[in-house]
Each structure stands twice: as C-alpha cells, then as structure tokens.
Amino acid sequence: MTTGQQPRTYPFGEADRLRLHPTYAELRRSEPVTRVRLPHGGDGWLATRYTDVRTVLSDPRFSRAATVGADVPRTTPLVSRDTNILTMDPPDHTRLRKLVAKAFTARRTEMLRPRAEKIVGDLLDAVEAQGPPVDLIEALALPLPITLICEMLGVPVEDRVDFRRWSDKALALTAFAPEEIVAAVEDLRDYIAGLVAQRREHPTDDVLGTLVQARDEGDRLTEAELVNFGVTLLVAGHETTANQIGNFVYTLLTEPEHLAALRTTPDLVPAAVEELLRIVPLGGAAGFARIATEDVEIGGVTVPAGDAVLVSMPSANRDDAVFTHPELIDFRRETNPHIAFGHGVHHCVGAQLARMELQVALSALLQRFPALELAAPVEEIVFKKGRLVRGLASLPVRW
Amino acid sequence: MPWRIDVDRETCVGSGMCTAIASNRFVLVADRARAVDATVEPDEAVLDAAESCPMEAIVVRDEAGRVLAPER
Ligand code: HEM
C-alpha cells in the first residue's frame, strides 16, 4: 500500500441518478482496499473488489456487533445504538434470524406469487382507469411491497400513511434533522409495540405473531429485540423493493433496446431482474461498516484490529474479474453471481420475496402496457435527495 | 449416531449463510455450497445452517434417514 497518503473523502459525491461514481472502477484497478474519510466517525477502509467485498461480508473476523454505540465511519449523522438483526454477530444473529428464516424461504415466497399477481393486477386496473399520465411510484412501486410485507407481518395496511412517513425519515441522511430521525424511529417502535401488545391478547400466526410466541413461550429473544425486529422487517421490507421497482422501470424506459428485448421475450424477466439487481445501485454509498476484530490481510493491505471497513456491493457487482463487460446490461449472462443482496450471515432475508415482487411487477407492467413510456423528459424525472437509498420522487408514465 | 448432510448444489444460490454459520462444516466451491464432510457427528451449527438457508438447499438427516432440518 502507498503509506502516508491522505484518505479519500467518501462518499465520492452525491449519488447521481443510478450512476456509479467512476472512482470505484479506478480503485478496483489500483487500490482495492483504500483509506477513506467519512462525514461522520472519521477514517476507515473501503473495499471495492468482488472477492474482498465477499470476504468482509462473510469472514467472522469482521464484526457488525462491534459497531453498536461506536462512533464508526458512516454517512448517517447518528451513532447507531440499536441492536437489531443487522447489528448482531453469530450466535445472537443466528438465534434471531432462525425465527423468521422459514417465512422468507424460496418455497414460502413462491406460494405468495398468486397473491402478488392479484395485487399488481388490481393496481394496474386502477392505473388504466385513471388514464395517463400516472405516477408509477404511488400507483405500483410502493403499494405492492407495502401490501405484501404488511400481510406477512400482520401490520394493518390502512396504517401505511403513518408508517410510511416514519420509515421515510428513518432512512434519511440529511433530508431530515437528526432529532426528527430519532423521533421517527421511536414512533415506529411504539407502533410495532402496540401490535405486539394486541397479539398478546389475540395470538396470530403472522410473522409478528410468531415472534411474540417465540418470546413469550420460548424466551428466545428480548422484548427490545422483538420490537426492533418488527421495525426492521417493516422498513427493509418495503423501502428497498419499492425504490428498486421504480429504478428498474426507469432503467428500462431509458434503455429502449433492453425494454424491447423483454417485450419480445417475456421469459427473460427473471434473468433481467437479476441483471438489474446487479447493475442498479440501490444504496447511495457504502453503509453498515464492519470492525476488524483482529489484524486482517485483505486486498494487499493489513487492516489493523479495531479499524472499520466499508464495502461497496455495487462496485463488486461491476468487477471484471467476475463479470464480462460489467458496465453493460446483458439479460443473457451465463452466470450472474451478483451480491446485490449481500453475502454471508446478513444476506438479505427478503431476497426471494424481493425477486418475486420485482418479477411480478415487471412482467405485468410490460404485458399490460406494451407502449409504456416516460411522460416527461428524462431530465425532469427527479430522484429523492439526502437518503440512504436511491429512488425516484415520482415516475410519470403514459402508454 | 452420525448425521448426514446433503447440499443440493442446483438449488444453492451461494448466499454464504451456511459457510458463515458453520464455517468448519461448509465451503463454497465455484459459488455453491458443499459439505466439508457429508457425514458428521451431531452438531447444532449444522441444523442452524439448514434452518437458515434461504433456498432450503441443505438437508440434515439422522442415521435412520429421518429429516432433522429444515423443519417444513
Ligand atoms: C430489491 C430489494 C432488496 C435489496 C436490494 C436488499 C438488499 C439487502 C442487502 C444488501 C442486505 C445486507 C446488508 C449488509 O450485510 O450490510 C440486506 C439485508 C436485509 N434485508 Fe434486504 N434487500 C431488499 C429487500 C428486502 C425485503 C423485501 C426485505 C423484507 C423482509 C428485506 C429485509 C432485510 C433484512 C431483515 C436484512 C438483514 C438481514 C440480516 O442481518 O441477517 N430486504 N438486504
């Protein structure tokens, strides 16, 4: 490594639509694990190559639990004091993860496909009835994942106006004041705690009900873990997929040749979803730092014990050591081992659910509206600012 | 009473869940999981790995062939 060098300022810039900053490609070539300086919490390391990123995500010498309550390098203003599934290491992590793993397996998720198709069908009926132009974020991207995660968890979908408002703030970087972010997370907790209390009166067999039972009958998690888990599932369960539905449709509508390929060969949809997961960066920048619990050699440097390491999954997904012509969208890649859902113990719980939702949404949309197009010039399509994840403020379309 | 581990490499998506939970029991080979040893002495971590696999690609059986994990 080149010593004595100034750390790079990170993030490299404000997220620009769905583009990945060119510095990642440079770093993959010449400095795969580099020093970075974050807006909060000081300096750390950033890994950009596929193999190093996977190592940091799966090697037990890198801890998430060690970040709790610590002033680690991060993009968010607040120090995270929460213990939730994303901030736990095995065996605690395994204890929690096992409680919900069953509900989110490929098999269980596949059983929800007809329900997802019905929801999307109804939503698109409403779109047709309304007539162009329609904002697809409000009309499809948000209500599909919200309805499904609500039904799985047992959260009343009628409450969406409230929890949407809180959840939007909970994922803010600079879009809201720190006190507002804290208050929103508190509101989400109170809200889930209320649903937990209801389940103690009237047991249910939804995911929240299962967690309540695991606490009350098996003492397998604490009250705080239970409530935080509910919050995490509710927030992660809709913000991510909702933004990606919008981002994927935007990508297709601005890349006509790929859109045409999907229209002529609808069977390509599952492969297209994988490719879009690979190429569309959801996070604005790397988040969820890991702390090295001992000195670790990685990417030609020694990360000393106690240092924080960030990983860029979008950068890993464009590593030419793994993907041929990584900058190009190609729905016919032979293999596509992208890590858009992470890797190792924190690999996304909702990955199969998200895949299914994205497939159903894209298939139905293309089938229903063969002439779908943007209803505004691309420059006028606006992305939200100051958020952890990239997503459109609105996506006006016509047909 | 050894247990038998079967990993369906066709179903596996290489999430790395099992290799992280039971690192001495599973390895990723060509992006797919494989049991280090198909037969092991009883080990809770192997059950955890099978229960946590998003694809249910890991099946653990006892000597009599009874499925111990994953629960259906
Ligand atoms: C396109 C949609 C989605 C993407 C791209 C995505 C991405 C990710 C990634 C990258 C991680 C790992 C983060 C890390 O290790 O630092 C993760 C974890 C997680 N995701 Fe997702 N996710 C999506 C949808 C969902 C859905 C629908 C759910 C609903 C339950 C969900 C729930 C979670 C949870 C609970 C975790 C933490 C898992 C753990 O710590 O064991 N995600 N997701």
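Mentor: Start with strand β2 of chain A, residues 33-37, which is joined to β3(A) by five bridges. The two strands run antiparallel. This is a predicted model. In this pairing, A:Val36 sits opposite A:Gly44 of β3(A). Now follow the turn of the hairpin. Five residues lie between β2(A) and β3(A), and A:Gly41 in this hairpin has a positive phi near 85 degrees.

Next, look at the other pairing of β3(A). Strand β9 of chain A, residues 308-311, pairs with β3(A) in the parallel sense, over three bridges. There, A:Leu46 has A:Leu310 of β9(A) as its bridge partner. How many of the five residues of β3(A) are buried? Four are, with buried meaning under 20% relative accessible area. The strand, residues 43-47, is therefore largely enclosed by the rest of the structure.

Now move to the contact between the chains. Chain A gives 17 residues and chain B gives 18 residues. About 1,600 Å² is buried between them, with 54% from carbon and sulfur atoms. A:Lys98, A:Lys102 and A:Arg107 supply 29% of the area that chain A buries against chain B, more than any other three residues. Four salt bridges are counted between the chains. In one salt bridge, the side chain of A:Arg54 meets that of B:Asp31 at 2.8 Å, N to O. On the side of chain A that touches chain B, α2, α3 and α4 of chain A each give two or more residues. The largest share, four residues, comes from α3(A).

Terms used: Residues numbered from 1 in each chain as written. Chains lettered and ligands numbered in written order. Predicted model: local features only at pLDDT ≥ 70, side-chain atom pairs only at ≥ 80, totals over all residues. Heavy atoms only, no water. Buried < 20%, exposed > 50% of the residue type's maximum accessible area, 1.4 Å probe, protein only. Pairing = 2+ DSSP bridges. Contact = heavy atoms within 4.5 Å. Buried area = accessible area lost by both parts, 1.4 Å probe.
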